[in-house]
Amino acid sequence: MLVGVLGAQLASYAIWTHQAQDSRLEQVDELSRNVAYSVASTVRFFRSLPVDYRHIVLDQLRDMGGTRFFVSVNDHRIPIQDIGRGPAQAVVTDNFREILASELGVDNARVEFSSPDTLRLFNNEVLLNDLPPRWGRHSLLMDPIDPPILVVQLPLDAQGWLYVATLLPVPELFDDGWLSGERLFAALIVLLAVIGLSLLGIRSATRPLARLSRAARRLGDDLDSPPLRETGPREVAATAVAFNRMQQRIQHQVEERERLFTAISHDLKTPLTRMRLRAEMLDDDHQRERFCAALDELDLLVKGALASVRGLDLHEAIEPVDVRALLDGLAEEMALQGGEVTVTGRATPLAAKPLALKRCLANLLENAVFYGKRAEVHLEDSAARLRITLRDHGPGIPERQRERVFSPFVRLEPSRSRHTGGSGLGLGIARHILRAHGGEMTLDNHPGGGLVVTLEVSRHAHDDPGHDADLA
């Protein structure tokens, strides 16, 4: 927008300046021709006067005042500091030379332009500003402006030079600059106005998008967040309506999923119990063991599915959580199960959902203790993020399988079979919880053996000034 406005201004100034220059040159051409004919008449008149009468006539003209010309007869040509330039000077010079040559037969006339401050007159080359007002200052000075003075000098006869000075009342006669200071100032004012209005317009247009973005982030953390206001411009209101409907459908689907898994769990308990009782009554020990193992695996799958549903359910309020105290408590629980967990480092409270974060860390520590018997946890805190590093001393995970382990019910090692009690859901649930808190999880093998799990959580994931006000 700014480039377009600036380009349009420059183009309009260029066109306007070209037209103004053409108009000024036409005016200069007509005016200079009239002045040239007047100068030719003046020269013809002085040529006809006897030499002794010329000074008398000049004195009378100066005493009368109000003439357009300042005329003097000098014994030599007065040097003029010419300030003429550009096409305007060429037009004036060509017209004078043409007319003086045709009317008087003079081809050696000097046509120049002088500044009033440097114009010199008479044989002693006195400055114009030093003359009495009645001697020419009234006819050659126009206070407060100082237009250039046209000076024509041509030989009158063998005894002297005729000196004629006059004004061409054309404003900015030699102003060839098409972008003057005034126009630059006007262009700057227009650009500033465009910038201000553009910022207001863009701000007005993007504010609803920012509000929608914040609502989408909040929806990822809390499905029960307040709906968007369905007001504003037509497109914004339609988007808010669609967003609110999407939120309602997601809430409905989550509720249906929870009800479905709860119903499945409830309905499966009775037949599983009945089948287990019948299996215990089998006389064949081998068959009884196989039936019980199959039932245990089925029960494990049902519990794992329910755990996955509950693990992805993050309906909690965000509050400050002491991560170090949480890890210390989990380490004590692991110690009761025979695992060894060492926690180092400190961290300031993190804005998080306590139960969800505890479930995330508990899943990771359970895996670390199960496969490596012991684990080391280190905290690195900063103003921007919190980094938690967990290392176990197990077999690690091959690089090509590190993304696959986050999929539900994936167990890579033989120890991850049904006999271990694992369901293959822990890592997936942990990463989902971490991402819901604005964090990310990476897996890597330690050079000394074992798996290294790195958690990075942004401390600004939930910092959003005006968030609640926009979504109210």
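Modeller: Here's a pair to begin with: R459 forms a salt bridge with D381, and their closest N and O atoms are 2.9 Å apart. Keep in mind that this is a predicted model, where local features need pLDDT of at least 70 and side-chain atom pairs count only at pLDDT 80 or more, while totals for chains, interfaces and linings use all residues. Residues are numbered from 1 along each chain as its sequence is written, and side-chain values use heavy atoms, with hydrogens and water left out.

Biologist: What makes R459 and D381 a salt bridge?

Modeller: The rule asks for a side-chain nitrogen of Lys or Arg within 4 Å of a carboxyl oxygen of Asp or Glu. R459 and D381 have N and O atoms 2.9 Å apart, so the pair passes. This pair also links distant parts of the chain: R459 sits in the loop between strand 13 and helix 11 (467-471), D381 sits in strand 10 (residues 374-381), and they are 78 residues apart. Helices (H or I, at least four residues) and strands (E, at least two) are DSSP runs, numbered from the N terminus.

Biologist: Why is R459 called buried?

Modeller: Buried means under 20% relative accessible area, exposed means over 50%, and partly exposed is in between (1.4 Å probe, protein chains only). R459 has 15% relative accessibility, so it counts as buried. D381, at 29%, counts as partly exposed.

Biologist: How many salt bridges does the structure hold?

Modeller: There are 12. One of them joins the side chains of R44 and E103, at 3.2 Å from N to O. R44 lies in helix 1 (residues 2-48) and E103 in helix 3 (residues 86-104), so this pair ties together parts that are 59 residues apart in sequence. R44 is partly exposed, at 37% relative accessibility, and E103 is partly exposed with a relative accessible area of 37%.

Biologist: And which residues are linked in a network of salt bridges?

Modeller: E380, R385, R387 and E456. Inside that group, the side chains of R387 and E380 meet at 4.0 Å, N to O. R387 counts as partly exposed at 24%, and so does E380 at 37%.

Biologist: On to rings. How many aromatic pairs are there?

Modeller: Two. The rings of F70 and Y163 have centres 6.5 Å apart and planes at 85°, so this pair is edge-to-face.

Biologist: What makes the pair of F70 and Y163 edge-to-face?

Modeller: Rings of Phe, Tyr and Trp (its six-membered ring) pair if their centres lie within 6.5 Å; planes under 30 degrees apart count as stacked, over 60 as edge-to-face and the rest as tilted. F70 and Y163, with planes at 85°, therefore get the edge-to-face label. F70 lies in strand 1 (residues 70-74) and Y163 in strand 6 (residues 160-167), so the pair ties together parts that are 93 residues apart in sequence. Both F70 and Y163 are buried. The rings of F370 and Y371 have centres 4.9 Å apart and planes at 90°, so they are edge-to-face too. F370 is partly exposed, with a relative accessible area of 39%.

Biologist: Why is F185 called exposed?

Modeller: Its relative accessible area is 56%, so F185 counts as exposed. F185 has its place in helix 5.

Biologist: Which residues in helix 10 are buried?

Modeller: In helix 10 (residues 426-436), they are L427, I429, A430, R431, I433, L434 and A436. I429 has 3% relative accessibility, so it counts as buried. I429 and L364 are 65 residues apart in sequence and 9.8 Å apart in space, C-alpha to C-alpha. Just after helix 10, G438 takes a positive phi of about 80°.
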